[in-house]
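Thanks for coming. I will go through one model, helix by helix, and then a few loop residues. Please have the viewer open.

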Amino acid sequence: MAAREFERATPPAEPDAEPQDESEIRPPGWIKRVLPRTMFGRSLLIVVVPLVVLQAIATWIFYERHWAAVSWRLSAGVAGDIALLIEAMQLGGSETNTSRLLEKAAAVTDLDLFVSHGERLPAPPPSSGTLLEEQLIQAMQGRVNLPYQIDALGDPHGIQIKVQLPDGVLTVAVPRNRLFSSTTYIFVMWMVGSSLVLLAVATVFLRNQVKSLRRLAAAADGFGKGRPVPFFKIEGAVEIRQAAIAFMKMRDRIQRQIRQRTEMLAGVSHDLRTPLTRMKLALELLRDDPAVEELKSDVAEMERMVHGYLDFVRGEGTEVPVDTDISLLLEDLAAAMRREGTPLSVAPPPEYVMPVRPNALRRCIDNLIGNARRHGSHVWLSGVAVTDGIDILIDDDGPGIQPAERDLAFRAFFRLDPSRNPSTGGVGLGLTIARDVARSHGGEITLETSPQGGLRARVHLPN
C-alpha cells in the first residue's frame, strides 16, 4: 500500500514528470495552422502547389501570347474584309452591282451581309467587355474609317457589326468561329484533365505510403499502452521499412527485458522469503520476551517492505490486456474495500469496455484508495467518460498535499511524513506503483484539490 509522503530529511529531487510536448510549449505560427496537419495532406500539397503554379503560368503565357495574338489576327482579318467590301461597294455604283457584290462576298468570306438603305445607326447596345469584343473594336478602328456599332450579346452564335454608310447601314453578321480558335478550349481542357489524372495517381501512391506510417503509428501506440502488437507486414518506402524494422526490434528487446526482470524477481522473491521464514520460525521457538516481540515486529515490517519493493519492480508482469468493463471493475473493487472496513462511496460510470490489465489496474486503484483512506475519514470513487477515454477519480476529505509537493509524492521511497512509522505512511511506493501501472496503459495520474476538501487522484486511461 502506498505512501502519499516522503522523508523531509531527503533533499528534494526534480519532479518525475513527463516532458512537455513542444507543440504545447510554443504555439504554432499562422502558416502551420493553415497548412494540413497530416502527412498525407502535406505530401499532397507538395504535389498540388507546383502543379497549380505551373498551370497558372502556362495559362497566363497562353492567354497573353498565343490566344491574344490569334484573336487579334482573326479580328483584324474580319475588319479588313469589311473595309475591303465597303470600298468595293463605293466603286460598284449601282444597286445591282452592290447586291451581286454582297452575294459573292458572303459566299467567299463566310459573312452574312445586308444593306438597309436610308437608315441610321440605332442607339449603341451594351458592351460585353470581353477580350474578343475589345480586339474587334481595335481592329475596326484601325481599318474602317466610318461610324460603327458592335453587338456581342444579341446573337449567341455570332457578333453583329453595323457600319454607317452614306446612303444606309451595312449589317455584317460574323460567326464566332471566324473570331476565335476552338483550340483554346481544347488546350485548357487538356491541361486541366491531365492535371486531374496526375493528381489522382499521386493521391493513390501517397495514400499507400501513408498507410504504412499509420500502421506503424498504431502499433507503437498500442505497444505504449501495453497491448499485444502482432507482427505486421513491413511495406512502403525504404525509410518506412527501416523504421518498422527498428520498431519491431525495439519491441522484442523490451519484451525480453521484461521477461528477464520477471524471472529475476521470482528468484529474488524466493531467496528473500526463505530466510525471513526461518527467522519467523526461530522467533516462535524462543520464550516470551520483550526483545523477541520487537524482533517479530521488525521481521513483519521487513516482510511488508519486501512485498512493497517486489510489487514496485514487478509492475504489470506478464498479464495480458483483456476487454474489461471499467464500471464493473470499480463496483467489485468498492465492494471488496467495504468488506475491509473502508468507508467508501462509489459512483461508477455507464458501461465502458476497454482493453486493460485488470489485476494491475486493481492494484493501482487499490493503492490510491488505501492512500486516501489512510489520510481521510471517507473515500469517494467515481468514473467519468471523457473524449479520449475515461477518468477514474479517487477523492478524500483529508489534509491533502500542497501543489508544490504533488509531483514529488510520486517519487519512489519519498514520504512527506517526517516519521518512519510504516503504519502512517507505508514504504513510499504506493503512488509510484499506481503511476507506473497507469503509464503502462498509456495513461497518467494527476493529483488535484478535491471538492470534498482533501486530495483528488485522477487516473486517465485513453482509448
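I start with helix H9, whose buried residues are Ile326, Ser327, Leu329, Leu330, Leu333, Ala334 and Met337. Seen down the axis of H9, these buried residues fall within an arc of 160°, so they line one face of the helix. The arc is taken over the directions from the helix axis to the C-beta atoms. Buried here means under 20% relative accessible area, exposed means over 50%, and partly exposed is in between, with a 1.4 Å probe and protein chains only. Helices (H or I, at least four residues) and strands (E, at least two) are DSSP runs, numbered from the N terminus.

Before going on, the provenance. This is a predicted model, so local features need pLDDT of at least 70 and side-chain atom pairs count only at pLDDT 80 or more, while totals for chains, interfaces and linings use all residues. Residues are numbered from 1 along each chain as its sequence is written, and side-chain values use heavy atoms, with hydrogens and water left out.

For the overall picture, the protein chain has 12 helices and 11 strands. Of its 463 residues, 38% count as buried. Among contacts (heavy atoms within 4.5 Å) between residues at least 6 apart in sequence, 68% join residues at least 24 apart.

Back to H9. What do its buried residues pack against? The partners are strands E5 (322–325), E6 (344–347), E7 (353–356), E8 (379–386) and E9 (389–396), together with helix H10 (358–375). The 14 residues of H9, 326–339, should span 20 Å at 1.5 Å a residue, and the end C-alpha atoms are 20 Å apart, which agrees. The expected span is 1.5 Å times one less than the number of residues. At the start of H9, a side-chain oxygen of Asp325 comes to within 3.1 Å of the backbone nitrogen of Ser327. Just after the helix, Gly341 has a positive phi of about 95°.

The loop between H9 and E6 holds Pro343, which counts as partly exposed at 32% relative accessibility. Leaving out residues up to four places away in sequence, Pro343 touches Ser377, His378 and Val379. Its C-alpha atom is separated by 7.9 Å from that of Arg373, 30 residues apart along the chain.

Next, a helix pair. H10 and helix H12 (residues 430–440) pack at an angle of about 145°, with their axes 9 Å apart. The axes are lines fitted to C-alpha atoms over the stretch in contact, and angles run from 0 to 180 degrees between N-to-C directions. On the H10 side the contact is made by Ala360, Leu361, Arg363, Cys364, Asn367 and Leu368, and on the H12 side by Gly430, Leu431, Ile433, Ala434 and Val437.

Is His441 buried or exposed? His441 is buried, with a relative accessible area of 5%. A polar atom of the His441 side chain lies 2.8 Å from the backbone oxygen of Val437.

Last, helix H4 (95–109). Its buried residues are Thr98, Leu102, Ala105 and Thr109. Those fall within an arc of 70° seen down the axis of H4, so they line one face of the helix. On the other side, Thr96, Glu103, Lys104, Ala107 and Val108 are exposed.

Asp110 sits in the loop between H4 and strand E1 (112–117). Asp110 has a positive phi of about 65° although it is not a glycine. Most residues other than glycine have a negative phi. At 46% relative accessibility, Asp110 counts as partly exposed.

Conventions
Polar contact = N/O pair within 3.5 Å; in protein donor to acceptor, adjacent residues only side chain to side chain.
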